[in-house]
Amino acid sequence: MGDPLHTVMCELLGCRYPIIQTAMGWVARPELVAAACNAGAFGFLAAAVMKADEVVPAIDRVRALTDRPFGVNFHMFQPDAERIVDTLIAKKVVAVSFGRGPDKKIIARFRDAGIKCVPTVGALKHARSMEELGVDMLVVQGGEGGGHTGSVASTVLLPQVLDAVKVPVVAAGGFGDGRGLAAALAFGAQGIAMGTRFLMTRDCPVPQQTKQRYIAASTDDIFVTTKVDGLPQRMIHSRVANRIERSGPVSMLALALTSAWQLKRITGASVGQLLGAAREMTRGGGLTFGQALMAAIAPVLFQRSMLAGDPDQGLMATGLIAGRLGDLPSCEELVQRIVREAHERFAALGVPPRELRAAG
Ligand SMILES: Cc1cc2nc3c(=O)[nH]c(=O)nc-3n(C[C@H](O)[C@H](O)[C@H](O)COP(=O)(O)O)c2cc1C
């Protein structure tokens with residue numbers, strides 16, 4: 001009997017279990033990535049919030065902490081994206097993840113370098129276009145997922161994408177245990193990808209005060225807002241998140257300006273530069289100037305929670321699943337628990353492992 005947990009995803013990425021630790025800005029730092037990989041999952045380093053100069057030291061730090069393969073997440077809209085692409089190719093990372101952005105040429109460059117392209121998509125049309133661009137595998141994130149999120153739930157989006165594409169698919173959005181893994185494999189996915197569940201581990205370097213807010217949150221404490229940067233994003237309620245959600249154009253501008261001063265202290269970006277960035281963001285239409293400025297300073301609000309440990313004055317992106325999680329296992333404990341639970345589900349269903357694999 002073959003092991004149902006040894007899937008195409010494991011072959012493609014070289015990890016032991018079909019579990020991805022997804023990239024999360026200021027969260028998926030080297031310590032978490034290495035712990036996830038050492039536990040047998042496949043971790044993605046969150047480089048989409050890094051300056052180009054920070055990427056090489058972060059990759060080297062992961063390599064100092066683990067000899068397992070790992071990937072790096074980036075976005076084409078971040079400053080110096082071309083340089084980051086060159087860096088990832090030079091450093092020969094095993095895989096890259098991204099949202100929309102890299103074109104066919106960049107994807108071909110990665111693939112020629114033997115680097116697997118594993119984008120995350122939240123809609124069927126994006127899954128189709130990514131497959132056309134030549135990616136190796138898709139992470140399909142249902143609307144339950146953390147961070148920016150779509151509106152179609154995993155139970156609908158996953159089979160929809162599986163029916164439409166030929167590349168291997170990994171399920172994301174609302175996964176956190178072995179039942180979810182067994183269900184995803186039964187759908188025909190090759191594994192699961194989890195963000196929030198890995199944030200809620202002891203190995204995650206986010207300060208304890210912030211992790212406690214994730215533990216305390218029920219599903220009623222979690223909401224979706226478009227007010228931070230114009231796109232739907234799921235959050236845990238906090239003082240700042242609630243002020244943003246309630247604000248009108250004037251109070252939004254006031255709140256954004258106050259934080260802009262703070263961002264200047266942290267990053268050195270002048271208020272003039274921030275106003276320029278905000279003005280750029282309003283060009284596409286749809287955002288008021290106050291909203292655009294808020295989008296430009298959102299990083300400082302996330303850093304307050306994820307780095308400074310001040311969740312009330314910060315923003316906490318989350319998947320809906322935080323509402324049912326109440327513990328902080330180590331990555332090793334988490335992965336072993338998921339593997340055990342998944343095997344228990346298969347045994348309870350009496351499904352011969354080989355048949356299950358054939359469904360994938
Ligand atoms: C705190 C947080 C930060 C995130 N930051 C990023 C990011 O920087 N880049 C990205 O592509 N996705 C980001 N995401 C989305 C995750 O990579 C992942 O797709 C999502 O969390 C999966 O849903 P789950 O939380 O239900 O597991 C973030 C999610 C969370 C919860």
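Q: Which residues of helix α3 (residues 52–65) are buried?
A: Buried means under 20% relative accessible area, exposed over 50% and partly exposed in between, with a 1.4 Å probe and protein chains only. Helices (H or I, at least four residues) and strands (E, at least two) are DSSP runs, numbered from the N terminus. In α3, the buried residues are Ala52, Val55, Ala58, Ile59 and Val62. They sit on the same side of α3, because they cover an arc of only 100° around the axis. The arc is that of the directions from the helix axis to the C-beta atoms. This is a predicted model, in which local features need pLDDT of at least 70 and side-chain atom pairs count only at pLDDT 80 or more, while totals for chains, interfaces and linings use all residues. Residues are numbered from 1 along each chain as its sequence is written, and side-chain values use heavy atoms, with hydrogens and water left out.

Q: What do the buried residues of α3 pack against, and which exposed residues are on the face turned away?
A: Packing is read from contacts, that is, heavy atoms within 4.5 Å. The buried residues of α3 pack against α2 (30–38), β2 (42–46), β3 and α4 (81–90). Asp53 and Ala64 are exposed on the face turned away from the buried side of α3.

Q: Which residues are buried in helix α7 (residues 154–164)?
A: Ser154, Leu157, Leu158 and Val161 are buried in α7. Seen down the axis of α7, these buried residues fall within an arc of 100°, so they line one face of the helix. They pack against α6 (124–133), β7, β9 (169–172) and α8 (178–187). The face turned away from the buried side of α7 carries the exposed residues Thr155 and Asp163.

Q: In what order do the strands of the open sheet run?
A: Strands of a sheet pair through backbone hydrogen bonds, either parallel or antiparallel. Two strands pair here if DSSP finds at least two bridges between them. Nine strands form the open sheet, in the order β5-β4-β3-β2-β1-β10-β9-β7-β6, and the pairing is parallel. At the edges are β5 (116–117) and β6 (120–121), each of which pairs on one side only.

Q: Over how many bridges do β3 and β4 pair?
A: Strand β3 (residues 71–73) and strand β4 (residues 95–97) pair in the parallel sense over three bridges. Asparagine 73 has serine 97 in β4 as its bridge partner. Elsewhere, β6 and β7 pair over two bridges, also in the parallel sense. There, valine 140 in β7 is the bridge partner of valine 121.

Q: Which residues of strand β7 (residues 138–141) point one way, and which the other way?
A: In a regular strand the side chains alternate between the two faces of the sheet. In β7, Leu138 and Val140 point one way and Val139 and Gln141 the other way, and all are buried.

Q: Where does cysteine 204 lie, and is it buried or exposed?
A: Cysteine 204 lies in the loop between α9 (196–199) and α10 (208–216). Its relative accessible area is 3%, so cysteine 204 counts as buried. Leaving out residues up to four places away in sequence, cysteine 204 touches Val27, Leu32, Phe198, Leu199 and Lys211. The C-alpha atoms of cysteine 204 and serine 330 are separated by 8.5 Å, though the two residues are 126 residues apart along the chain.

Q: Which residues does glutamine 233 touch?
A: Glutamine 233 lies in strand β12 (residues 233–236) and is buried, with a relative accessible area of 4%. Not counting residues up to four places away in sequence, glutamine 233 touches Gly147, His148, Phe223, Val224, Thr225, Val228 and Phe302.
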